[in-house]
Amino acid sequence: MTLWDVEVGRLADDLLELPPVPLRVLGLRVFEATLDVFGRPLEDLFVEETVAFYRRALEEFRSVQNVADFTPARREPFLEGYDWEDGKAPFAAASLSQGVAQYAGFLVGRDAEELVEALSSFYESVLSFAALGRVVSVEDEHENDLCRRAVDEQLAWISEVRGGRVTTGARRGRTSSSRRSTQACSHV
């Protein structure tokens with residue numbers, strides 16, 4: 001069990017009830033926020049091919065105005081494999097790439113469960129990047145600034161798309177997140 005399971009995963013059933021439009025926004029904002037949580041230019045974290053993949057994904061996902069317009073053909077580039085194993089931060093890259101593919105899958109099929117899986121994968125990328133060790137407790141994750149921030153960002157965006165109905169400490173440090181979302185990945 002991870003910190004994400006405890007604090008975000010518990011909201012999965014509520015997310016399954018939301019229509020595709022707010023879930024589209026949620027997935028995009030969490031992807032952007034995840035990249036921001038790393039706190040460094042992507043070029044410092046991942047190999048060039050991986051960075052290009054994330055930039056293409058951001059560009060494509062930001063261009064989606066109507067979920068119904070995201071076709072299986074638009075999803076295809078995000079399912080193609082690439083060699084992240086030999087790159088920097090391979091486990092973070094793998095989880096983040098899985099989240100991208102799952103989010104693209106949500107856009108095609110509008111299956112909220114796939115979006116929830118994408119949120120989990122985005123968190124897993126941060127957890128991997130945090131490099132807390134092989135055996136990690138929820139408390140370890142809670143005390144780690146990167147993990148805590150990733151969860152707080154997800155909770156804040158969930159609250160926003162649900163109309164402010166999440167009652168947690170997720171708003172801590174949230175005052176600049178809306179501004180950050182428009183700037184997210186300016187270093188990308």
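The stops below cover a helix pair, a single side chain and a further helix in this predicted model.

**Stop 1: helices α3 and α10.** Select residues 20–37 for α3 and residues 145–161 for α10; their axes come within 10 Å and cross at roughly 160°. At that angle, which is over the 145 degrees required, α3 is roughly antiparallel to α10. The crossing of α3 past α10 is right-handed.

Next, show the side chains of the contact. From α3, select Pro22, Val25, Leu26, Arg29, Val30, Ala33, Asp36 and Val37; they meet Leu146, Arg149, Ala150, Glu153, Gln154, Trp157, Ile158 and Val161 of α10. Colouring this contact by residue class gives 11 nonpolar residues, one polar and four charged. As a guide to the spacing within each helix, residues three or four places apart in an α-helix point the same way, because there are 3.6 residues a turn.

**Stop 2: Phe61.** Move to helix α5, residues 48–63, and select Phe61 within it. Is Phe61 buried or exposed? Its relative accessibility is 0%, so Phe61 counts as buried. Leaving aside residues up to four places away in sequence, Phe61 touches Leu28, Phe31, Phe70, Phe78, Val100, Tyr103, Ala104 and Leu107.

**Stop 3: helix α7.** Select residues 90–109, the 20 residues of α7, which span 28 Å from first C-alpha to last, close to the 28 Å expected. Of these 20 residues, 16 are buried, and α7 is thus mostly covered.

Key. Residues are numbered from 1 along each chain as its sequence is written. This is a predicted model: local features need pLDDT of at least 70, side-chain atom pairs count only at pLDDT 80 or more; totals for chains, interfaces and linings use all residues. Side-chain values use heavy atoms; hydrogens and water are left out. Axes are lines fitted to C-alpha atoms, for helices over the stretch in contact, and angles run from 0 to 180 degrees between N-to-C directions. Helices (H or I, at least four residues) and strands (E, at least two) are DSSP runs, numbered from the N terminus. Angles under 35 degrees count as roughly parallel, over 145 as roughly antiparallel, 65 to 115 as roughly perpendicular and the rest as oblique. A crossing is left-handed if the near helix is turned anticlockwise from the far one by less than a right angle, and right-handed if clockwise. Contact means heavy atoms within 4.5 Å. Ala, Val, Leu, Ile, Met, Phe, Trp, Tyr, Cys and Pro count as nonpolar, Asp, Glu, Lys and Arg as charged, and the others, Gly among them, as polar. Buried means under 20% relative accessible area, exposed over 50%, partly exposed in between (1.4 Å probe, protein chains only). The expected span of a helix is 1.5 Å times one less than its number of residues.
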